[in-house]
Amino acid sequence: MEWSWKLGQVPEISFRDSTKHDIYVPINAALEDKNILEEWNIGDESIDSVVCMQALCSVSDPTAAAKQIYRLLKPGGQLLFWEHTASQDWVTRQVQGIWNLFWKPLIGNCHLRRNIEQAVMEGGDWKIIELGHDNIEPWQMMPRVWGHFVKG
Ligand SMILES: C[S@@+](CC[C@H](N)C(=O)[O-])C[C@H]1O[C@@H](n2cnc3c(N)ncnc32)[C@H](O)[C@@H]1O
């Protein structure tokens, strides 16, 4: 799969291997594009799995996005995510806030200091299969949070 994106826009997805077109359909839409999603029969409780990698940093409201993902998943459907998040270290969080002033407009609304774990948790009544943190040393500007959650 190939994708390209311009700052602040939804990525364009396509397949390098044309035989994959018989199996997969890339749908270029934002999470909030209800009409486009409904054209593809993607409505509430219609999806088995969502993979979310470095997207919740850039959506306008990560909690609303997590709630939308939760709505779209079937009961028992799974969310796999890998995102960068706010540092657990107070000083580094302040530096992230300052760096954000330049980073966010340059990298298409990418926020360095969001609490992604909290946003995903608030998305719904998840069963947590795995939840992990990487790069949590105090000086890390992009500590990671990742998880495997199932819709309860
Ligand atoms: C920092 S970029 C990361 C791109 C890519 N996921 C990566 O890991 O390299 C954030 C991505 O979130 C996408 N995005 C922003 N708002 C979105 C939305 N409402 N729905 C879906 N994707 C969105 C942007 O188009 C952009 O591709």
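This is a predicted model: local features need pLDDT of at least 70, side-chain atom pairs count only at pLDDT 80 or more; totals for chains, interfaces and linings use all residues.

Select E3 and strand E4 (residues 73-84): the two pair in the parallel sense over six bridges. Strands here are DSSP runs (E) of at least two residues, helices are runs (H or I) of at least four, and both are numbered from the N terminus. Two strands count as paired if DSSP finds at least two bridges between them.

Residues are numbered from 1 along each chain as its sequence is written.

Next, select H2. Which residues of H2 are buried? Colour Pro-62, Ala-65, Ala-66, Gln-68, Ile-69 and Tyr-70. A residue is buried if 20 or more other C-beta atoms lie within 10 Å of its own, exposed if 12 or fewer, and partly exposed in between, with C-beta atoms placed from the backbone. The buried residues of H2 pack against E3, E4, helix H4 (116-121) and E6.

Go to Trp-146, in strand E6 (residues 144-151). Trp-146 is partly exposed, because 18 other C-beta atoms lie within 10 Å. Leaving aside neighbours within four places in sequence, Trp-146 is in contact with Phe-81, Trp-82 and Gly-132; contact means that the C-beta atoms, placed from the backbone, lie within 7 Å. To check a distance, pick Trp-146 and Asp-89: they are 57 residues apart in sequence and 18 Å apart in space, C-alpha to C-alpha.

Then move to the loop between helix H1 (34-39) and strand E3 (47-53), where Trp-40 is found. Trp-40 is exposed, with 11 other C-beta atoms within 10 Å. From Trp-40 to Arg-114 is 31 Å, C-alpha to C-alpha, across 74 residues of sequence.

Asn-41 is in the loop between H1 and E3 too. Asn-41 is exposed, since 7 other C-beta atoms lie within 10 Å. Its backbone is worth a look: Asn-41 has a positive phi of about 60 degrees although it is not a glycine. Most residues other than glycine have a negative phi. Gln-54, in the loop between E3 and helix H2 (62-72), also has a positive phi, near 50 degrees. Gln-54 is partly exposed, with 13 other C-beta atoms within 10 Å.

Finally, zoom out to the whole chain. There are four helices and six strands, and along the sequence they follow the pattern β-β-α-β-α-β-α-α-β-β. The radius of gyration, taken over C-alpha atoms, is 16 Å, close to the 15 Å that the globule rule gives for 152 residues, so the chain is as compact as a globular protein of that length. That rule is 2.2 Å times the number of residues to the power 0.38. Of the 152 residues, 22% count as buried.

Key: Two residues are in contact if their C-beta atoms, placed from the backbone, lie within 7 Å.
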